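Visitor: Before we look at the model, could you take me through the words used to describe it, and set each value against its cut-off as we go?

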Amino acid sequence: MRIPLPVVSALVAAAVCSNVAPMSAQSPIASARAYRFADSVLALMTLDEKLGQLAQTPGRGTPNGPLVPVGGEALIRAGRVGSYLGVFGAEYTHELQRIATQESRLKIPLLFAFDVIHGFRTIYPVPLAQAASFDPVRVEYSARQTAIEATAHGLHWTFAPMVDIARDPRWGRIVEGAGEDPYLGSVMAAAQVRGFQGGANGVNIGANDALLANVKHFAAYGGAEGGRDYNSVELTERTLWETYLPPYEAAVKAGAAFVMSSFNDIGGIPAHSSDWLLQDVLRNRWGFKGVVVSDWGGIGEMVKHRVAATTGEAGILAIRAGVDFDMSDGIYADSLAAAVRAGRLSEAVVDSAVRRVLRIKYALGLFQDPYKFSDVARERRYTLAPEHRAASRIAAREAIVLLKNSNKTLPLRKNLRSIALIGPLADDARSAMGNWPADGRSSETLSVLAGIRAAVGPSVQLIQVRGSPVDTADTTGFAAARTAASQADAVVLVLGEREDMSAEAESRSSIEVPGSQVALARTVLGFAGSKPVVVVLMNGRALAIPELAREAPAIVETWFLGSEHGGAVADVLFGDYNPSGKLPVTFPRVTGQIPIYYNHRSTGRPPDSTKYTSKYNDLPSTPQFPFGYGLSYTTFAYSNLRLSAAKISASDSLTITVDVRNSGDVAGDEVAQLYLRDDVASVAEPVKSLKGFQRISLRPGETRSVTFRIGPSSLALYDRQMRRVVEPGTFTVYAGTNSADVISTQFEVTGPVLVLAPPTPRFH
Ligand code: BGC
């Protein structure tokens, strides 16, 4: 059937009009106009064109930048592709949009998507490190600048934020999220969505610097058994709702346009076929109006899960469950038309998915101006913009966590005669960028060596020795390391993991520092005598560092900090910045302590010194470093924890105030943390849960009263019927500098149970 062109032009004209309409508080994706527009385009489409809109095809990297695969232009002309993944560049996306909107029958523009996780060309700290800043304003700002850079290169959509809660640091993808805590994870999820999309609720979608956010991986991908990537997830519904789902919900409520389904199954149901997750929870309970995309190959993998005999059947399962876009599989395009024609799939199911995709394209304003993101001048202006690098440096500093500082080893003096810089990661700019560096370049990234060199200037002698490889047992470099350590005035040991030892498909069975690095540290510490030795860790997960924690005088956790890694590390080492980051994950003593997380449930036999309690006989029951832990060059004292009322009703709110004093002698930032415990509840609840935090700056001797306001949602739990309720009884409030080091008080909730939400939809 040929569509008369004037019809399409009229639709496009309608789009033009509506895009000049004033912004409402509602996401443009869900506007009545978007729905009407999608319907009217859908009415013109053949089944093959519809399935074309649901196809997301990967690009291919070439020395001249990413291109569509050979034959890609012909696919666009034929209306057989709705989106490209990993294809960007202002000029190139302009040309592809020209083909789509001038040479295809229906002239539907393309969507360009990419993994822009923590920066596009300017690289910010990896998400786990950003979470360590406990600074959602900074995290939002980093995402905002990232969006500005990425959209200037023609991109519309990023596969971020990744918000999977991870309680097992063996899982390599822990680096991509905010760690173990649902509250911190939710705050960071929402901050990133607002940053990418340029505001809350998607209100700015349609601006040419708003990058569509894609919360992933839905759901509970971080619960992979044994920390092995892509593994099954065994969870109770209670833990799923209490711990794993909140960050996805926060991202959806913040207006994320996309959700990506996860590779794992939960209780035998692969997420790509879970209408419980994608309909009952996501759309019906949370009101999600955007688009669901599969994860790479995730539809076809249902054959290997053995819930589908063929990829065609897998495609039917996925689209029926609510997966709209087929990322990379090509299964929808290859097999769903036949399924519809054979009566095995209703075309109405395809139509619903296509409508959602069309609404997104409409909301972006691409029908009005397909080239609005393909602007060479913006690309030139924003790529690695100086203000982006400067902000990345601030974000990087805030993410650094000081783990140990005996006898004020740090900060180091800048006027030392010589510094030995030892370790396999000391000059590794590639690792400094982290595992999802988008279009970032090592040549534009400061290694620790480069950062220290810039900080101390040419008069300080830097003796750089690798000492050992990262992950093999070789010790041949130890002799040179010993010589360097004995010659220099101070030693900086840069140890940990390369960037490719965390993130996707990078699980490790042991989270100890790999290879011969600990032995290297041992030998260096032995030769350094009384001179200052600082261990700088680079890694993408919690590490177990029992020997370093015992023997090294100072330890600085730096994760992978992006373009300004080395500069930020030098700022901390020489005291130009007083470290203030806090651990977003518990650091176990040894791998065998996993899973260990601060908000574990109350057991019947909490560990103590007696025999029949819950503990290992060969280990203390505490972690090496608890959640929320991080030192400063100053100290902070907490006192006078007080409440606005000793008793409240379940629907009331409560003000909690604590005094925080800088009890040391330098200015510093502190992250004051608030935890709650429901003392007696109808179900066994966590021993404590984070409910608030605030970053404050204090001069030496200064005291600040920090105030938190909590309401019913902070007090709520899922009761035995899985209703969200506030139950009467006492609650303990904890405030402090980390999850273990706290002061506490109590208040009481009186009156009847308050029901905030009906039972969760039944899992099926
Ligand atoms: C990952 C996703 C990513 C996608 C596209 C998958 O393998 O699991 O997180 O967004 O690839 O690169």
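Guide: Helices (H or I, at least four residues) and strands (E, at least two) are DSSP runs, numbered from the N terminus. This is a predicted model, in which local features need pLDDT of at least 70 and side-chain atom pairs count only at pLDDT 80 or more, while totals for chains, interfaces and linings use all residues. Residues are numbered from 1 along each chain as its sequence is written, and side-chain values use heavy atoms, with hydrogens and water left out.

Visitor: Where does Thr523 lie, and why does Thr523 count as buried?

Guide: Thr523 lies in helix 19, residues 517-528. Buried means under 20% relative accessible area, exposed over 50%, and partly exposed in between (1.4 Å probe, protein chains only). The relative accessibility of Thr523 is 14%, and therefore Thr523 counts as buried.

Visitor: Which residues does Thr523 touch?

Guide: Contact means heavy atoms within 4.5 Å. Not counting residues up to four places away in sequence, Thr523 touches Phe478 and Arg482.

Visitor: How do you know that the span of helix 7 agrees with its number of residues?

Guide: The expected span of a helix is 1.5 Å times one less than its number of residues. Helix 7 (residues 136-152) has 17 residues and should therefore span 24 Å, and its end C-alpha atoms are 24 Å apart, which agrees. Helix 7 is also mostly covered, since 14 of its 17 residues are buried, and it is followed by Gly154, whose phi is positive, near 90°.

Visitor: Why is Ala150 called buried, and with which residues is Ala150 in contact?

Guide: Ala150 is found in helix 7, and because its relative accessibility is 0%, Ala150 counts as buried. Leaving aside neighbours within four places in sequence, Ala150 is in contact with Val116, Phe120, Leu155 and Leu211. The C-alpha atoms of Ala150 and Ala488, which are 338 residues apart along the chain, are separated by 44 Å.

Visitor: What makes strand 11 and strand 13 edge strands?

Guide: Two strands pair if DSSP finds at least two bridges between them. An open sheet of six strands has the order 11-16-15-14-12-13, with mixed pairing. Strand 11 (401-405) and strand 13 (461-465) each pair on one side only, and these are the edge strands.

Visitor: How many bridges join strand 11 to strand 16?

Guide: Four bridges join strand 11 to strand 16 (residues 554-557), and the two run antiparallel. Leu402 stands opposite Val556 in strand 16.

Visitor: What makes a space a cavity, and how many cavities of 30 Å³ or more does a search of the whole structure find?

Guide: On a 1 Å grid over the protein atoms alone, a cavity is a set of points where a 1.4 Å probe fits but cannot get out, whereas a pocket is an open set with protein on both sides within 12 Å along at least five of seven lines; lining residues have an atom within 4 Å of a point. Grid points are joined across faces, edges and corners, and a volume is the space filled by probe spheres set on the points. The search finds five cavities of 30 Å³ or more, and the largest cavity has a volume of about 100 Å³. Of the 14 residues that line the largest cavity, the closest to its centre are Pro127, Gly177, Ala178, Met188 and Gln192. Helix 8 gives the largest share of this lining, four residues.

Visitor: Which residues lie nearest the centre of the largest pocket?

Guide: The largest pocket holds about 1100 Å³ of space and is lined by 43 residues, of which Glu242, Pro246, Lys691, Ser713 and Arg724 lie nearest its centre. Helix 9 supplies the largest share of the lining of the largest pocket, nine residues.

Visitor: Which residues does a cis peptide bond join, with omega about 10°?

Guide: That cis peptide bond joins Phe218 and Ala219, and Ala219 has its place in the loop between strand 5 (214-218) and helix 9. The peptide bond from Ile594 to Pro595 is cis as well, with omega near 0°.
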